[in-house]
Amino acid sequence: MNTLARPTPTARSDEARGMLLGLVGVAMFSLTLPFTRMAVAELDPLFITLGRALGAALLAGLWLGWRRAPLPPRAALAPLALVALGVVIGFPLLCALALRSVPATHGAVLAGLLPLMTALYGALRGDERPSAAFWLMAVLGAALVIAFALSQGGGALQLADLLMFLAVAAGAVGYAEGGKLARTLGGPETISWALLVALPLVAPLLAWHCWPQARALTGVGAAAWAGLAYMTVFSMFVGFFFWYRGLALGGIARVGQVQLLQPFMSLAGAALLLGEPLTLHDSLFALAVIGVVLAGRRLHVRRRPS
């Protein structure tokens, strides 16, 4: 017996809403790498990771208290821990380490592998079964992103590239687990509880790490603090309200394809915030990837019923 559901008119409507919500989330996430690059100019990567997690956890606690949200069921604790390891700790830390040595534009294009990795993880979990044509579009989009990265790096990969690939793998786990969990917990609740699950690790590590250099933090400039503030509020908290809800409605594989637009939104953000150049070469790749996203939007993905 086939337990995978075919799309109905209601499901197609949910997918459309999911794509729109996912796009809003991706627009917020797209500025993460430029703001991270801004912050690592003066702040330590571990401090950035722990600081943004702690600040977002405080916001999450306030939001959950205001909503009087019930505690998550025991079965949700393991997936919440994976979300915390993936998007609260792993992705931010590895990105911050990578962006100490490469521009935000370079890191941004590698982050374009997230849709393929997210869809792959979702398929391995057994929750979705994308069609062969869908996989072809996903691989084509990823190939375009890798070709773009190699063309900027002179045909070779650096240590920073490997760190970004690990960051993408961590982000894919957190995105897919969170998208699945959001179907029952809700998007805001999923990221909020994940942040609180990480808090017992984040808070003592931040205190231990910051105490020896607390005085040095007073000399950090406004730009670095602005980068950390954006990542705390939007990259680590508000963006996930839209993103996880979008994944829950439209499916991990399909809505995850919207992430292929993120590198090119990040390129525009890096140009505006950091003055990094945006070339015709970049724009042509952007148009090609957008075409892949639009093609993937129309291809079939079978989903297990919630």
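Visitor: Is Leu201 buried, partly exposed or exposed, and at what relative accessibility?

Guide: Buried means under 20% relative accessible area, exposed over 50%, and partly exposed in between (1.4 Å probe, protein chains only). Leu201 counts as partly exposed because its relative accessibility is 45%. This is a predicted model, in which local features need pLDDT of at least 70 and side-chain atom pairs count only at pLDDT 80 or more, while totals for chains, interfaces and linings use all residues. Residues are numbered from 1 along each chain as its sequence is written, and side-chain values use heavy atoms, with hydrogens and water left out.

Visitor: In which helix is Leu201 found?

Guide: Helices are DSSP runs (H or I, at least four residues), numbered from the N terminus. Leu201 belongs to helix α9, residues 187-210.

Visitor: Which residues of helix α6 are buried, and where on the helix do they lie?

Guide: An α-helix has 3.6 residues a turn, so residues three or four places apart point the same way. In α6 (residues 114-124), the buried residues are Leu114, Pro115, Thr118, Ala119, Tyr121 and Gly122. Seen down the axis, they fall within an arc of 160 degrees, so they line one face of the helix. The arc is taken from the directions from the helix axis to the C-beta atoms.

Visitor: What span should helix α12 have?

Guide: The expected span is 1.5 Å times one less than the number of residues. Helix α12 (residues 262-274) has 13 residues and should therefore span 18 Å; its end C-alpha atoms are 17 Å apart, which agrees. Just after α12, Gly275 takes a positive phi of about 75 degrees.

Visitor: How many aromatic pairs does the structure hold?

Guide: Rings of Phe, Tyr and Trp (its six-membered ring) pair if their centres lie within 6.5 Å; planes under 30 degrees apart count as stacked, over 60 as edge-to-face and the rest as tilted. The structure holds 11 such pairs. In one of them, Phe29 and Trp243, the centres are 6.3 Å apart and the planes at 75 degrees, so the pair is edge-to-face. Phe29 lies in α1 (residues 9-29) and Trp243 in α10 (residues 222-250), so the pair ties together parts 214 residues apart in sequence. Both residues are buried.

Visitor: Which residues touch the most other members of the largest nonpolar core?

Guide: A nonpolar core is a set of buried Ala, Val, Leu, Ile, Met, Phe, Trp, Tyr and Cys residues joined through side-chain atoms within 4.5 Å. In the largest one, with 86 residues, they are Val88, Leu195, Phe240, Trp243 and Tyr244. Helix α10 gives the largest share of this core, 12 residues.

Methods: Helix = DSSP H or I, 4+ residues; strand = E, 2+ residues; numbered from the N terminus.
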